[in-house]
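Take a look at the model below. We will walk through some of its aromatic rings, then turn to one helix.

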Amino acid sequence: MNQSMARTNNVTELIISGLSQDPEVQRGCFVVFLPMYLATVVGNGLIVLMVRVSKSLRSPMYFFLSHLSLVEISYSSTVVPKFITDLLSRIKTISLEGCVAQIFFFHLFGVAEIFLLTVMAYDRYVAICKPLHYTIIMSRPVCHRLAAASWLGGIIHSMVQILVTVQLPFCG
C-alpha cells in the first residue's frame, strides 16, 4: 500500500487545521475534551468489566451491551487521542499512512457499532414479541455469531473504504 500510494501521490503527510488557530481556545478545548474522553473510556471500560465479572448480567442484552461499550472505547480512541495531542502542539500533521489507518478504524468501529445496535434491536424484538422462544432464538452461540457478524461487517466495510481511498490522487 505504501509503495502504490507513493507512486501515485506526492503527499507524505497531511496538515490538520483543527478547531481554532488561537492557542488559548486550543488549551480550553484540551481542558474540555480530555476529561470527556477519559470519562468515555473509563465508563465504557467499567461496563465491559461489570458484564464480564457479574454472574447476574449473563443475558444476551448485557452481552451485546458489553460489545457495544468495547466498540465505543475503540471508536473514541481512533481519532480523539491524536486530536487532543494536536491541541497542545504547534505543528499539527499526520502521515498519509496514519490518516488511512484512522479512516480504516473509524469506519470499522462506526459500522460495527451500527450493526451491534441493529442486533440489540433484534434482541429486544425477540424478547418482546416471542418471549417463550427467546432463550432458544437468542442462545449463546447465536449471540456470538451475531456479534462476530457485526465485527466482520465493520471489517468488510472498512476494507472497501480503504480500497477506494488509496486510489484517490492527493496533490501537494
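Start with Y75: at 24% relative accessibility, Y75 counts as partly exposed, because that class lies between buried (under 20% relative accessible area) and exposed (over 50%), with a 1.4 Å probe and protein chains only. This is a predicted model, where local features need pLDDT of at least 70, side-chain atom pairs count only at pLDDT 80 or more, and totals for chains, interfaces and linings use all residues. Residues are numbered from 1 along each chain as its sequence is written, and side-chain values use heavy atoms, with hydrogens and water left out.

Now the rings. Rings of Phe, Tyr and Trp (its six-membered ring) pair if their centres lie within 6.5 Å; planes under 30 degrees apart count as stacked, over 60 as edge-to-face and the rest as tilted. The structure holds seven aromatic pairs. One of them joins Y75 and F106, stacked at 5.0 Å centre to centre with 25 degrees between the planes. This pair links distant parts of the chain: Y75 sits in helix α3 (residues 60–88) and F106 in helix α4 (residues 96–129), 31 residues apart. Helices are DSSP runs (H or I, at least four residues), numbered from the N terminus. F106 is partly exposed, at 37%.

F105 and F109 also stack, at 6.0 Å and 20 degrees. Both lie in α4, four residues apart, about one turn of the helix. F109 is buried at 12%, whereas F105 is partly exposed at 38%.

Finally, S150 lies in helix α6 (residues 140–167). S150 is buried, at 1% relative accessibility. Leaving aside neighbours within four places in sequence, S150 is in contact (heavy atoms within 4.5 Å) with A112, F115, L116 and V119.

Technical notes: Helices (H or I, at least four residues) and strands (E, at least two) are DSSP runs, numbered from the N terminus.
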